[in-house]
Amino acid sequence: MSISSWQEISTEWHHSYMNFGNTYDPSKPFISVDEHNRISLERILIKWLLRDLFDEDDLIDLTLAWHRLDPYSDSVPGLSLLSTKFPTSTLSNGNIKLLEDLQEHTSLPFKHITSAEHLGAYKPSPEAYHSAARRFGFRNSQCCLIAAHLQDLQAAKRCGFQTIYLERELEEAWDSKDVARAREEGFVDLWVGIGGSGLSEVVRYFGIESEV
């Protein structure tokens, strides 16, 4: 197989994860992101006639690759500064073990970890945002979501959150027309484009005086 074919498989797997919150049925037993990623990986490999190349240990190891993702260069210094002023936390569809492993692997200095597994709801369900605010004893208007996905931010804004779009390459699922429409609708309070300075721009936005 060509490198481009493997890249297509990887992209398909990534999109399956990104769409999971939209397709999750809360009336059924809770399924973790790890479980979903394992199931979707096997489904994709079967589709590409590649399943027989991988044994069960291979599939488990590939699924755990999500636990070993490297951070963006601005993430650790930016979060370190934000954490001097705010009680920072993840608000992720990732399960608890995934987030704990990522924090250990990346040294991301979140003060807290908040997972859909804690909340019993997946973003973009409104309950995920409401429950996250309640978990820390805040009003929704006191919370700010920093995210790389506009659908996530749109849902958070509808729940009364402040919103910051941290644009990351290959992370946005919406097409260019939807992105342009999002700019017009104005549900993002601060828009940090790919050409910007990442979390260091967010640090300045909140008046934290330090270089990242």
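Helix α1 crosses helix α2 in a right-handed sense. The model is predicted: local features need pLDDT of at least 70, side-chain atom pairs count only at pLDDT 80 or more, and totals for chains, interfaces and linings use all residues. Residues are numbered from 1 along each chain as its sequence is written, and side-chain values use heavy atoms, with hydrogens and water left out. Helices (H or I, at least four residues) and strands (E, at least two) are DSSP runs, numbered from the N terminus.

**Helix α1 against helix α2**

- Two packed helices are described by the angle between their axes and the distance between the axes.
- Helix α1 covers residues 3–23 and helix α2 covers residues 33–47; they pack at an angle of about 140°, with their axes 10 Å apart.
- That angle makes α1 oblique to α2.
- Angles under 35 degrees count as roughly parallel, over 145 as roughly antiparallel, 65 to 115 as roughly perpendicular and the rest as oblique.
- Axes are lines fitted to C-alpha atoms, for helices over the stretch in contact, and angles run from 0 to 180 degrees between N-to-C directions.
- A crossing is right-handed if the near helix is turned clockwise from the far one by less than a right angle, and left-handed if anticlockwise.
- From α1, the residues I9, E12, W13, S16, Y17 and F20 meet V33, H36, N37, S40, L41, I44 and K47 of α2.
- The residues of this contact of α1 with α2 divide into seven nonpolar, four polar and two charged.
- Here Ala, Val, Leu, Ile, Met, Phe, Trp, Tyr, Cys and Pro count as nonpolar, Asp, Glu, Lys and Arg as charged, and the others, Gly among them, as polar.

**Helix α2 against helix α3**

- Helix α3 spans residues 56–63; its axis and that of α2 come within 9 Å and cross at roughly 125°.
- That makes α2 oblique to α3.
- The crossing of α2 and α3 is right-handed.
- In α2, the residues D34, N37, R38, L41, E42 and L45 meet E56, L59, L62 and T63 in α3.
- By class, the contact of α2 with α3 has four nonpolar, two polar and four charged residues.

**The sheet**

- Three strands form an open sheet in the order β1-β2-β3, with parallel pairing.
- Strands pair if DSSP finds at least two bridges between them.
- β1 (144–147) and β3 (190–192) stand at the edges, each with a single partner strand, so one side of each has no neighbour in the sheet.
- Neighbouring strands of this sheet are turned by 10° against each other on average, direction ignored.
- Four bridges join β1 to β2, and the two strands run parallel.
- L145 stands opposite T163 in β2.
- Strand β2 (residues 162–166) pairs with β3 in the parallel sense over three bridges.
- Y165 stands opposite W191 in β3.
- β2 is mostly covered, with four of its five residues buried.
- Buried means under 20% relative accessible area, exposed over 50%, and partly exposed in between (1.4 Å probe, protein chains only).

- H14 sits in helix α1.
- H14 counts as buried, at 19% relative accessibility.
- Leaving aside neighbours within four places in sequence, H14 is in contact with W66, L170 and E171.
- Contact means heavy atoms within 4.5 Å.
- H112 is in the loop between α5 (96–106) and α6 (116–119).
- H112 is partly exposed, with a relative accessible area of 32%.
- H112 and P87 are 25 residues apart along the chain, and their C-alpha atoms are separated by 7.4 Å.
- With neighbours within four places in sequence left aside, H112 is in contact with P87, T88, S89, T90 and F136.

**Backbone details**

- Most residues other than glycine have a negative phi, and most peptide bonds are trans.
- K123 and P124 are joined by a cis peptide bond, with omega about 10°.
- P124 lies in the loop between α6 and α7 (126–135).
- S107 is not a glycine, yet has a positive phi of about 60°.
- The loop between α5 and α6 holds S107.
- L170 is not a glycine either, and has a positive phi of about 70°.
- L170 is placed in the loop between β2 and α9 (176–185).
- L170 is exposed, with a relative accessible area of 73%.
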